[in-house]
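Subject: Handing over the structure

Dear colleague,

Here is the structure I promised to pass on to you, and I would be glad if you could look through it alongside my notes.

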Amino acid sequence: MRVYSERLRVPVSWWLVVLACAALLATTLWAGLSVATAIMIYAIFEGACVALLLSWGAARITVTASELVVGSRRLPLARIAKVAALDAAQTRVLRGPRADPAAYLFVRPYLPLAVYVRVAGSPPEPPYWLIGTRRPVELAAAIERARSGRWTPAADGHAENGGVIHDAPGAVG
């Protein structure tokens, strides 16, 4: 049974900007060519952009009673050592200069917030997961509820400990 589920859809503003840029580039390439070539160029550029945005937006995060599923990767809840909801500054640090090259980063450029999940084991492969989300506090709480067995249908999707946890690597506060 699912404790938490979130689909990481691409925002409408991204659709508008990406499709406008693709149209501008296609127009630049079309200059001086036939109308049939122009239609083909537009179809290829716009189609590629639509495919890219749909694939990004198809990503899903799911927490069940036994595992965390992020995209195509699965992590048993028993292997989770620590969970922390991160604010934008903490997420930026762990995406960049303090990122571990062995970590599993499931982030999107349009998601400034994330959840840090430290993986237990010796040696853990990867050492942690950084999961981009629109609702980090709710995701972290859902993982904790599922780990502790305190999940109930009435609590589904609601944050219990409301607030950012400031003891993850890269914490600024």
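This is a predicted model: local features need pLDDT of at least 70, side-chain atom pairs count only at pLDDT 80 or more; totals for chains, interfaces and linings use all residues.

The chain has 173 residues, of which 36% count as buried, and its secondary structure comes to 4 helices and 8 strands. If you read along the sequence, these elements follow the pattern β-α-α-β-β-β-β-α-β-β-β-α. Among the contacts between residues at least 6 apart in sequence, 68% join residues that are at least 24 apart. The accessible surface comes to about 8900 Å², and 64% of that surface belongs to carbon and sulfur atoms.

Turning to the sheet, four strands make up an open sheet in the order S1-S2-S3-S4, with antiparallel pairing. S1 and S4 stand at the edges and have a single partner strand each, so one side of each is left without a neighbour in the sheet. On average, and with direction ignored, neighbouring strands of this sheet are turned by 10 degrees against each other. S1 and S2 are joined by 5 bridges, and within this pairing Ser5 has Thr62 in S2 as its bridge partner. Strand S3 (residues 67-70) and strand S4 (residues 73-76) also run antiparallel, and they are joined by 4 bridges. S3 and S4 form a hairpin with 2 residues between them, and Gly71, in the turn, has a positive phi of about 65 degrees.

Finally, how many salt bridges does the structure hold? There are 3 of them, and I take them in turn.

- Glu67 forms a salt bridge with Arg74, and the closest N and O atoms are 2.5 Å apart. Arg74 has a relative accessible area of 53%, so this residue counts as exposed, the cut-off for that class being over 50%.
- Glu138 and Arg135 meet through their side chains in a salt bridge of 3.1 Å, N to O. Glu138 is partly exposed, with a relative accessible area of 24%, and Arg135 also counts as partly exposed, at 32%.
- Arg147 forms a salt bridge with Glu144, with 3.2 Å between the closest N and O atoms. Both residues lie in helix H4 (residues 136-148), where Arg147 and Glu144 are 3 residues apart, about one turn of the helix. Arg147 is partly exposed, with a relative accessible area of 33%, and Glu144 is partly exposed as well, with 27%.

How values were computed:
Residues are numbered from 1 along each chain as its sequence is written. Side-chain values use heavy atoms; hydrogens and water are left out. Two strands pair if DSSP finds at least two bridges between them. A salt bridge is a side-chain nitrogen of Lys or Arg within 4 Å of a carboxyl oxygen of Asp or Glu. Buried means under 20% relative accessible area, exposed over 50%, partly exposed in between (1.4 Å probe, protein chains only). Axes are lines fitted to C-alpha atoms, for helices over the stretch in contact, and angles run from 0 to 180 degrees between N-to-C directions. Contact means heavy atoms within 4.5 Å. Accessible areas come from the Shrake-Rupley method with a 1.4 Å probe; for residues, only the protein chains shown count as cover.
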